[in-house]
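Thanks for coming, everyone. I'll take this one step at a time. Please look at the screen.

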Amino acid sequence: MRKLSQAELAHGSPTGRIEGFTNVKELYSKIAEAFRLPVAEVMFCTLNTHKVDMDKLLGGQIGLEDFIFAHVKGQRKEVEVFKSEEALGLTITDNGAGYAFIKRIKEGSVIDHIQLISVGDMIEAINGQSLLGCRHYEVARLLKELPRGRTFTLKLTEPRKAFDMISMRSAGGRPGSGPQLGTGRGTLRLRSRGPATVEDLPSAFEEKAIEKVDDLLESYMGIRDTELAATMVELGKDKRNPDELAEALDERLGDFAFPDEFVFDVWGAIGDAKVGRY
């Protein structure tokens, strides 16, 4: 099994060799070790671009020749937000190692009007409550439960910027313009728990099903997580009905407490992808 990759710090550094990792947390630890950083300084990684491009975010899979760019902590900031609407316009993801951060900001939303808040910012605390170690769905739930018509405080940390990124506000969900360095045909699948496995690239069905399930996660829960979506597709592709899928999700992913309507839509999305209804 190949467990070796090349990496750089996104703001600039020599190239380092990262090897000997079997899961997400070990990967972050090896990156910190290679660049002589405290592991807590590593926020997230992008593949084949140094930019804060959420389409290139390292999730549960690394192409066998993908180049890793590690984004480390930069400026810390505290922002007061008036919740004038129920929906803040944020999509949250996490790095699988204890940090939740902003993946998307909806255009025209409450957060979109606050220039100090950007895609890639790590959410350290809400109203003084530390969120370090929380999963994305927990952070999204806390933000959703904040009362409308009140002001709350976000403590954020932005990724350290390279010279050519200073004063540029990233937009989530838009294709990056950086060079595509990775050409690997296989993929190393990382998991927050358990060993990594070398797998073939996802089939057209799996790729589309994962995308559709990830869209449903964003719509229902305000999060995006390709590893979670891939796990749900893996659990659901051989199930005969929504009840069997619900049982499998409860057994494997019970902490998420997915509502019945969401599970039914996931079942439908997997079924549509199977028959080519994209």
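A disulfide is a pair of cysteine sulfur atoms within 2.5 Å. This structure holds zero of them. A word on the source: this is a predicted model, where local features need pLDDT of at least 70 and side-chain atom pairs count only at pLDDT 80 or more, while totals for chains, interfaces and linings use all residues. Residues are numbered from 1 along each chain as its sequence is written, and side-chain values use heavy atoms, with hydrogens and water left out.

Buried means under 20% relative accessible area, exposed over 50%, and partly exposed in between, with a 1.4 Å probe and protein chains only. Cys-45 is buried, at 0%. Cys-134 is buried too, at 18%.

Next, Glu-78. Is Glu-78 buried or exposed? Its relative accessibility is 59%, so Glu-78 counts as exposed. Glu-78 lies in strand S5, residues 67-82. Strands are DSSP runs of E, at least two residues; helices are runs of H or I, at least four; both are numbered from the N terminus. Contact means heavy atoms within 4.5 Å. Setting aside neighbours within four places in sequence, Glu-78 contacts Thr-153, Leu-154 and Lys-155. Thr-153 is 75 residues away in sequence, yet the C-alpha atoms of Glu-78 and Thr-153 are 6.9 Å apart.

Last, a helix pair. Where H3 meets H6, the residues in H3 include Phe-205, Leu-216 and Tyr-220, and those in H6 include Phe-262, Val-266 and Ile-270.
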